[in-house]
Amino acid sequence: MAAPSAPTADYAGRVARLRGSLSGQGCRCLVVSNRENVRYLVGFAGSAGWVVVSTDDLLLATDARYFEQAAAQMPCGRAGLVGRGLAEYVADYAAERQLTELAFEAENLTFAGVKALEAALCERSVACQLTPTSGLVESLREVKDPIEVDSMRRAADLADGAMRHARRVMRTGMTEAELAWRLERWLRDHGSGPMPFDIIVASGPNAALPHATPSGRTFAAGEPVVIDLGATVDGYCSDLTRTLFLSRLDAPFDSIYAAVLAAQRGTIARVASGMTGRDVDALAREALGADGLGAAFTHGLGHGVGLEIHERPTVNGRSNGVLADGMVFTVEPGVYLPGRGGVRIEDTVVLSSGRVEQLTHADKGDPVVAVKG
Ligand code: ZN
Ligand code: ZN
């Protein structure tokens with residue numbers, strides 16, 4: 001008997017919701033060029049393809065490299081074969097359907113892309129206005145469906161596994177770059193897709209840089225080693241940071257670690273659907289402020305995660321958006337002492353039935369890794 005096939009995403013439902021937001025904006029036809037938006041709407045993960053969505057049509061325009069596969073696998077709508085170029089193809093489409101307005105994704109389509117589209121429309125004498133839009137598909141992507149959460153859960157499990165691997169293999173004298181490479185290899189060997197971002201391994205004073213690049217610096221006992229990594233499954237990302245210490249935890253990072261951990265756990269315990277991103281950011285900021293560390297927490301608390309490693313919702317002091325069930329984001333307070341080091345602890349979480357459920361679970365209670373002989 002054939003194995004039951006995996007459940008597939010409700011692409012038709014996603015397109016229907018997009019059509020709803022298009023008509024809400026009085027927009028008849030949208031060209032979707034953002035790769036993750038294309039993947040979200042029709043499941044196409046190739047490097048070249050635009051989706052054209054109108055009230056009565058759904059089309060994936062792609063070239064000969066992808067066309068056959070796209071035509072066979074389109075979950076709804078149809079595939080169109082692009083000959084000369086995407087701009088020419090869309091201009092032909094606008095001419096055929098006598099469109100007077102075409103919306104595009106202003107945050108994604110380049111200036112050159114808009115100019116090419118304008119030129120192709122002009123060449124065909126099509127009087128079609130190009131209208132910039134922002135965040136139409138991205139706002140649908142904010143709330144994940146169970147299939148998306150399942151992929152993210154698996155990406156989170158891989159990140160947890162890599163962090164356990166870090167504890168097994170890290171030693172004094174090992175370089176940041178070596179550990180970063182060993183973790184990336186472990187992730188790929190265990191089923192992760194491409195890394196969602198370059199792994200960060202930052203030790204000693206480098207740990208004071210929230211986005212440090214792994215270097216040839218070697219680990220020493222007692223100093224912080226910030227490890228920030230993630231995996232991808234079905235295109236969906238996870239994001240996890242732990243700060244580990246080889247053999248012992250030296251001052252002042254012993255008390256700083258305790259403060260960051262308490263702020264992170266306290267925030268996770270209190271986040272609820274209906275709060276704004278700013279409310280959540282304030283929970284961690286107040287906790288660290290009470291410990292006299294507010295000024296050293298120099299970035300926002302978190303960010304949405306999904307097909308992209310940074311997406312909606314934002315969770316920082318300027319985030320007025322309301323958090324809702326199905327949203328996936330990070331909680332990652334950090335404290336940085338320039339020239340000395342830093343501590344960041346990050347988990348990826350999902351809001352479910354009003355409360356937070358953690359997707360990443362790597363140990364954070366005991367950050368000290370015993371030195372091996
Ligand atoms: Zn991270
Ligand atoms: Zn993050």
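Domain bounds are taken here from an automatic or database domain assignment. On this basis the chain is divided into domain 1 (11-141) and domain 2 (146-369). The structure is a predicted model, in which local features need pLDDT of at least 70 and side-chain atom pairs count only at pLDDT 80 or more, while totals for chains, interfaces and linings use all residues. Residues are numbered from 1 along each chain as its sequence is written, and side-chain values use heavy atoms, with hydrogens and water left out.

The C-alpha centres of the two domains are separated by 36 Å. Contact, defined as heavy atoms within 4.5 Å, links 8 residues of domain 1 with 8 residues of domain 2. The area buried between the domains (accessible area, 1.4 Å probe, lost on putting the two parts together and summed over both) is about 730 Å², of which 43% lies on carbon and sulfur atoms. Glu 36, Arg 39 and Arg 141 supply 57% of the area that domain 1 buries against domain 2, more than any other three residues.

Salt bridges were assigned where a side-chain nitrogen of Lys or Arg lies within 4 Å of a carboxyl oxygen of Asp or Glu. By this rule, 3 salt bridges cross the interface of domain 1 and domain 2. A salt bridge also joins the side chains of Arg 14 and Glu 148, with an N to O distance of 3.9 Å. The side of domain 1 that touches domain 2 comprises 1 nonpolar, 2 polar and 5 charged residues, where Asp, Glu, Lys and Arg count as charged, Ala, Val, Leu, Ile, Met, Phe, Trp, Tyr, Cys and Pro as nonpolar, and the others, Gly among them, as polar.

Definitions and conventions
Chains are lettered from A and ligands numbered from 1 in the order in which they are written.
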